[in-house]
Amino acid sequence: MTKKYEFTVNGRPVSVSLDNEEAPLLNVLRNNLGLMGTRFGCGLEQCGCCMVLIDGAPEKSCSKPVWSIIGKSVTTVEGLGTPEHPHPLQQAFIDEQAGQCGYCLAGILISAQALLARNPSPTRSEIAQALDDNICRCGSHNRIIRAIEKAAARMGAGAIS
Amino acid sequence: MNTPVMNTPALPGPLADNPRLERWVTFPAPGKVIVGTGRVELGQGVLTAMTQIAADELDVAMERITIRSGDTEFTPNEGYTAGSQSIQFGGVAMRQACADVRSLFIDQAARVLGCKTSELSICDGGILHNGVPTGQDYWTLAGAVDLAAEATGGGKRKTVADFNVIGRSSARLDLPAKIFGAAVFIHDLVLDGMLHARVVRQPNRGATIDAIDERAIKRAAKAPVEFVRNGNFLAIVGADETAVDLAGAAAAKYVIWQHVETPTPLQAEASWLRQRPVIDRIIGAPEPADPQGRVRFESTYTRGYLAHASISPSCGLALYHDGRLTVWTHCQGVFPLRAALARTLSLDASAITVHHVQGSGCYGHNGADDAAADAAIIAMKMPGVPIRVRWRREEEFVYEPKSPAMVVKVRALLDDAGKPADWSAEIWSGTHNYRPGAGGNLLGAQALPNPPPEPPPGDVPESHGGGATRNGEPLYDIAHKRIIHHLVTETPVRTSALRGLGAMPNVFAIECAIDELAERAGQDPVQYRLSITVDPRARAVIEKVAAMAGWEAGESGGAGRGRGIAFARYKSRAAYAAVVVALDVEETIRLRHVWCATDAGLVVNPDGVINQLEGGIIQSASWVLKEQVRFDDGVSSFDWETYPVLKFSEVPEIDIALINTKDEVPLGVGEVTAGPTAAAIGNAVSHALGARIRDLPLTRERIMATLLKE
């Protein structure tokens, strides 16, 4: 039976009609809302490719039923910034060339954003710990950590000025 | 003024195979250049490097270039993007193609302007006469230059001193879109009227469907789904991806198979290979029967099966319409896949178009070709309907071709100084090449009625760098060297190419053995290596990495802290790398720092090369510390918990130095660090423990067992 689900994505209210209230948020983002930045990696909440912010908290969206999102606010990688107005994290990832195949990056950017929101100047080891829920198979880890350090420094400087 | 044929230089291989220049370069609109390459982006930046190469040889800004890659309709056929050969061979072909194109335009400009070609130059596509703009450019002249012509090799490639773009770090062209979350991956491709599909996998070749509870599966889907069946190939298709996912999961319970074979835990161990039917070869002179009074050293090293473990499960799309099949894939070779699809589906290759679309990093032959074939098999049964197959996570782990387990037994006869005078590597391994282009069957084809026969057992020939024998022979100065290769003809799971093929286990064995010999000789590992190395490029990377790491001869290890070095020249003819690892061992291994010196000859994109080298080091460290595909009533490594890989908090700091970057010949770097990293870790663990572990991965269990033995 088709039902309507209303929530907010990247600041905009959305309403989707679905037959299956167990449909994972990831599928709704990609297939109903056309937001392809959030990636499918495992469907098992193990790899972090599908990470989004739900009411500000980092959550894996691959197994998150859509009914549990009703009325909540979702932020995806598309909501962080745009090529014209990049988020400091996105700019730092470009500056550091932090990525190889890039499939894991959307989820990692979201995890990084959540980390910086709660800890604006993390140490290298705190960054690494915060990303342990995200898998990078290409081996871009050190560049990713450097990029997050750089973004944190810039965001911190921005906050002071 | 015709150039005599005899003076025409030989064309680089890929250009000789694809001589029509328009496959490589066209000028479609003012200010625009399209460059074609048969190489595909596997996430390591090859298309950025190719764009740099084309920009330099054509003298146009990189921003003007659109690169088209891996497309049976438009691009050159360069076989596979594999073996770290894209830049070494494909890059040189691109340089020559662009140089030939540039030369044709200079000739045409000289005719139009009535001047000598020697007075002309090109700046960002504009023709200059004695340095002054002429109003002519590639685009004004394009109508009069026939790019359907074949390459002659007559265009002069730039020399290293003239490079403006090659050799300078360029930001990856593909990264921003990925960082902003654009739809760039094959998984993001949406075709009009597309249906999603999941395959109910045949557990093994020869397994047959006994029963399908269609009602139970449809009920689980909670939205309409259909079944598509061809022999024992069964798929579930529907408009709603969630529904096909649910149905696919339910099928594990509601489809009953017969003739199921399940590999056992014992078969997951490399030692199992020793008792299997083999095809034997000796590469080199036979081993002396008698050690002739010299000391004989023997040591055996093993590694289990590895998964590519790509971060995204494989995906493929296909549309069969009006007798034509169009396929979208992230595989490494669109032309070999087209040929394999033609044989599998009894279609003419000319009726099939294959487009490459990026996937996640594959590092070799993963499930990409098979997912494309799945989509094609379904599409053939549903003409006019675009089909998208996306494998499940467990499907990728269980059914992707594995890197074969290997046993490498090293034997050496030592001279009076404790240096090897005679060296044998005896290698047991399944094949490293079950690619469709080598006759390997596409997975779905095995389930079709009258499945194609298995190809005869074989491996990558030594002329292509070898498979199990890759890097099986040390580069060191040893008077007599040979490889004894036992090709294991049947393995419990499909095996094929993973980054470096046999190089990682072979270099692990060789370089651990060299450390063992150095220890016997009472010499420092760096000094010992240098004492048996003449090649100046090899010596240079060893000396460089030792300096970077602050290596001091005779530094004592033990107490759980160690450092190790290893070296290899990839395929004994490509890039050189030496690696030093510093680590701590308690119950598990904690990598502290990795230093690497590499000589990859001419480097097109230094930062891109460093990125790949870092990636190779981290992936190899992950293999060595954590990875082995386990069997227990089937493949029991089916997700990231049962097949863990290195995590962010486990990654060491890495320092990389590139040397000799101005050499004429570029050498690929994707695979060069795999072996040296593995062996340097092995040697560092031995240094830390005072005891050697010769079996990979270096798990907690193996460390504990070794400590208890001591």
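A salt bridge here is a side-chain nitrogen of Lys or Arg within 4 Å of a carboxyl oxygen of Asp or Glu. Keep that in mind for the first view; everything below comes from a predicted model.

**View 1. Salt bridges link chain B and chain A.** Between chain B and chain A the count comes to 5 salt bridges. One of them pairs B:D188 with A:R30. In that pair, the closest N and O atoms sit 2.8 Å apart. Polar contacts turn up here too: 30 residue pairs across the interface of chain B and chain A make one, with both partners at pLDDT 80 or more.

**View 2. Chain B meets chain A.** How many residues does each chain bring to the contact? Chain B brings 64 residues and chain A brings 54. Together the two chains bury about 4,600 Å², and 56% of that lies on carbon and sulfur atoms. Three residues to look for are B:I179, B:F180 and B:F648, which supply 21% of the area that chain B buries against chain A.

**View 3. Helices and strands of chain B line up at the contact.** Which elements give two or more residues to the side of chain B that touches chain A? They are the helices α5 (175–179), α7 (241–254) and α14 (606–626), plus the strands β17 (387–390) and β24 (653–658). Helix α14 of chain B gives the most, with 10 residues. Sorted by type, the residues on this side of chain B split into 30 nonpolar, 17 polar and 17 charged.

View 4. You'll find B:P697 in the loop of chain B between β25 (695–696) and α16 (700–709).

**View 5. B:D59 has a positive phi.** This residue isn't a glycine, yet its phi is about 60°. B:D59 belongs to the loop between α2 (46–58) and β3 (65–69) of chain B. Is B:D59 buried or exposed? Its relative accessible area is 14%, so B:D59 counts as buried, the cut-off being under 20%.

**View 6. B:D322 also has a positive phi.** Here phi is near 50°, again in a residue other than glycine. The loop that holds B:D322 runs between β14 (315–321) and β15 (324–329) of chain B. B:D322 has 70% relative accessibility, so this residue counts as exposed, which takes over 50%.

Notes:
Residues numbered from 1 in each chain as written. Chains lettered and ligands numbered in written order. Heavy atoms only, no water. Contact = heavy atoms within 4.5 Å. Buried area = accessible area lost by both parts, 1.4 Å probe. Polar contact = N/O pair within 3.5 Å; in protein donor to acceptor, adjacent residues only side chain to side chain. Helix = DSSP H or I, 4+ residues; strand = E, 2+ residues; numbered from the N terminus. Nonpolar A, V, L, I, M, F, W, Y, C, P; charged D, E, K, R; others polar. Buried < 20%, exposed > 50% of the residue type's maximum accessible area, 1.4 Å probe, protein only.
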